[in-house]
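Work through the exercises below with the sequence and the structure at hand. Each task is followed by a solution in steps.

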Amino acid sequence: MSNIRFYDQVVIVTGAGGGLGRAYALEFAKRGAKVVVNDLGGSGSGIGENSKAADSVVAKIKEFGGDAVANYDSVEFGERIVQTAIDNYGRIDIVINNAGFLRDVSFTKMQDRDWQKIFNVHVDGAYSVTKAAWPYMQAQGFGRIIFTTSAAGIYGNFGQANYSAAKSALLGLGKTLAIEGARKNVYSNVIAPIAGSRLTETIWDEEILKATSPEYVVPLVIKLCDENSVENGGVFEVGASWFAKIRTERSKGVAFGVENNVSAEQVASRWADICNFEQSEPALDIGSTFVAVGDMVGLDLLAKKTNK
Ligand code: NAI
């Protein structure tokens, strides 16, 4: 087991003033990375600004002899955050898209601004920072990017239509950038953390908060960002020292034959078979969809089109 080090590497951690981001920033710095500690320093619902959050983490890193610089921009201004890395350290190797907050409310009561603000920060923010870092990573033939989804983004959750939709968007973004970046050694992975933090302190009790300290999530992020790691496009659930990988699954399905006009009633009559997972297979990429439908209806052309 070799030690994972980030000497000469520069990492941006967004929302690093507290919670998970702070824990990532401290560990990257301990392992030799130069860290851009980004945090807008607003409230738990994304209101206001304050430089203290980022400053205190930079001070902590400097205390143990690490190298870090603060950035106070909202993640919506990704170019400025990446520019901070370039101006101070001349490069960018790793982006941890972590900044975020909640505006939980039932869909019935949701206001347009609750929807928009969550998308602005989680989706546009991750897009903006990653988009600005991307050309540097492509040019140097190395990059590691983490996107932060949530169990709500994978499964849905009551009262989180805005948050779960935004977190699902990050799943799609991470998976597609994994495909687009692979050739240039720019790898993207998506994590769904469980952590006691400002985000969760109002909903969980003290015992759970303690058992899910952000530090338990950090090893996964460090591992995925290691230059020797070949993991790309993965989705992971992680918390309380538990690490697991998520994948989607496809039922065998029912093919009625393309020469037949299939009615809704016929579909209804085979519903149990359509939803039967006894002969299911992992559904790992877009090509597998065409292969599965091609196999089931006997259309070789469809299967060959995308069979790699
Ligand atoms: P946290 O509230 O402790 O930390 C989030 C940080 O992001 C705060 O310091 C905040 O100031 C910063 N931030 C918010 N908006 C920003 C913006 N526009 N620009 C820059 N910084 C901004 O929350 P926590 O728990 O550490 O969350 C980190 C990420 O993990 C978030 O994306 C969250 O949605 C996600 N997550 C957390 C879970 C948990 O159990 N704590 C569960 C699932 C996902």
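Two strands pair if DSSP finds at least two bridges between them. Helices (H or I, at least four residues) and strands (E, at least two) are DSSP runs, numbered from the N terminus. The model is predicted: local features need pLDDT of at least 70, side-chain atom pairs count only at pLDDT 80 or more, and totals for chains, interfaces and linings use all residues. Residues are numbered from 1 along each chain as its sequence is written.

**Exercise 1.** Find the bridge partner of Val36 in β3.

Solution. Start with strand β2, residues 34–38, which pairs with β3 in the parallel sense over five bridges. In β3, Val36 has Val69 as its bridge partner.

**Exercise 2.** Trace the order of the eight strands in the open sheet.

Solution. Step one: the order reads β3-β2-β1-β4-β5-β6-β7-β8, and the pairing is mixed. Step two: β3 (67–71) and β8 (242–246) are the edge strands, each pairing on one side only. Step three: from one strand to the next, the twist averages 20°. Axes here are lines fitted to C-alpha atoms, for helices over the stretch in contact, and angles run from 0 to 180 degrees between N-to-C directions. Step four: helix α4 (residues 112–140) packs on the sheet and touches β1 (10–13), β4 (94–97), β5 (143–148) and β6 (186–193). Contact requires C-beta atoms, placed from the backbone, within 7 Å. The direction of α4 makes about 170° with that of β4.

**Exercise 3.** Describe the residues around the ligand.

Solution. A residue counts as near if its C-beta atom, placed from the backbone, lies within 6 Å. Of the 33 residues, Gly15, Gly19, Gly100, Ser150 and Ser197 come nearest. Next, α1 (19–30), α4 and β6 each supply at least two residues of the shell, and α1 gives the most, with three.

Methods. Two residues are in contact if their C-beta atoms, placed from the backbone, lie within 7 Å.
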